[in-house]
Amino acid sequence: MAMSLSGSAVLSGIGSSFSSGAAKQSGVGAVGFGRKTELVVVAQRKKSLIYADKGDGNILDDLNEATKKASDYATEKTKEALKNGEKAKDYVVDKNVEAKDTAVDEAQKALDYVKAKGNEAGNKVAEFVEGKAGEAKDATKA
């Protein structure tokens, strides 16, 4: 496709894009020779985000290989996360056991203290009662 344009159209920087089917096409350029300018339209395919690594250019093999690598990576990271989760669970269980043991020890200390104080109080009450009983016995004899 060729057509004549004025020099001002070339200086204004002709360039556009248009759609052709599924791919976006672009590449309108102008070439000037003397007084005439030829407009050259070239369709360019949009670059793919998937690049072939190998020289054979078999994109499906490359895509399958990339998919397998991504899957392996995700699997490995999942395994690491599960291991870390197990470590965290074991840590929490250990800390809970320690806390339970500490609580049991402190409860035993409190129980022993209360028993000791109860025995002291019981002994004082018993002495007091004996004293009062003795006084009452003496009072009834007199």
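Me: In what order do the elements of the protein chain run from the N terminus on?
Reply: The model is a predicted one. Its protein chain has two helices and four strands. Read from the N terminus, the order of these elements is β-α-β-β-β-α.

Me: Over which residues does pLDDT stay under 50?
Reply: The average pLDDT of the protein chain is 74, and 59% of the residues score at least 70. Where pLDDT is low, the predicted coordinates should not be read in detail. The model has 37 contacts beyond four places in sequence for the stretch in which pLDDT stays under 50, namely residues 1-25.

Me: What percentage of the residues in the protein chain is buried?
Reply: A residue counts as buried when its relative accessible area is under 20%. The protein chain exposes about 12000 Å², of which carbon and sulfur atoms supply 58%. Of the 142 residues, the buried share is 5%.

Me: Which residues make the nonpolar surface patch of about 260 Å²?
Reply: A residue needs over 30% relative accessible area to belong to a patch. Leu63, in helix 2 (residues 59-141), has 35% relative accessibility and is therefore partly exposed. The patch is made by Ile59, Leu60 and Leu63.

Me: With which residue does Lys69 form a salt bridge?
Reply: Side chains of opposite charge can pair when their charged atoms come close. The closest N and O atoms are 3.4 Å apart, and the residue is Glu65.

Me: What is the N to O distance in the salt bridge of Lys77 and Glu80?
Reply: Both residues lie in helix 2, three residues apart, or about one turn of the helix. Lys77 is partly exposed at 38% relative accessibility, and Glu80 is partly exposed at 33%. A salt bridge requires the nitrogen to be within 4 Å of the carboxyl oxygen. The side chains of Lys77 and Glu80 meet this cut-off, with an N to O distance of 3.6 Å.

Me: Are Lys89 and Glu86 buried, exposed or partly exposed?
Reply: The side chains of Lys89 and Glu86 meet in a salt bridge at 3.6 Å, N to O. Both lie in helix 2, three residues apart. Relative accessibility is 46% for Lys89 and 43% for Glu86, so each counts as partly exposed.

Me: How many salt bridges does a search of the whole structure find?
Reply: Among them are the pair Lys69 and Glu65 and the pair Lys77 and Glu80. The number found in the whole structure is eight.

Key: Residues numbered from 1 in each chain as written. Predicted model: local features only at pLDDT ≥ 70, side-chain atom pairs only at ≥ 80, totals over all residues. Heavy atoms only, no water. Buried < 20%, exposed > 50% of the residue type's maximum accessible area, 1.4 Å probe, protein only. Areas by Shrake-Rupley, 256 points an atom, 1.4 Å probe, with all protein chains shown as cover. Patch = residues over 30% accessible without salt bridge, like charges linked within 9 Å, V, L, I, M, F, W, Y side chains within 5 Å. pLDDT = per-residue confidence, 0-100. Contact = heavy atoms within 4.5 Å.
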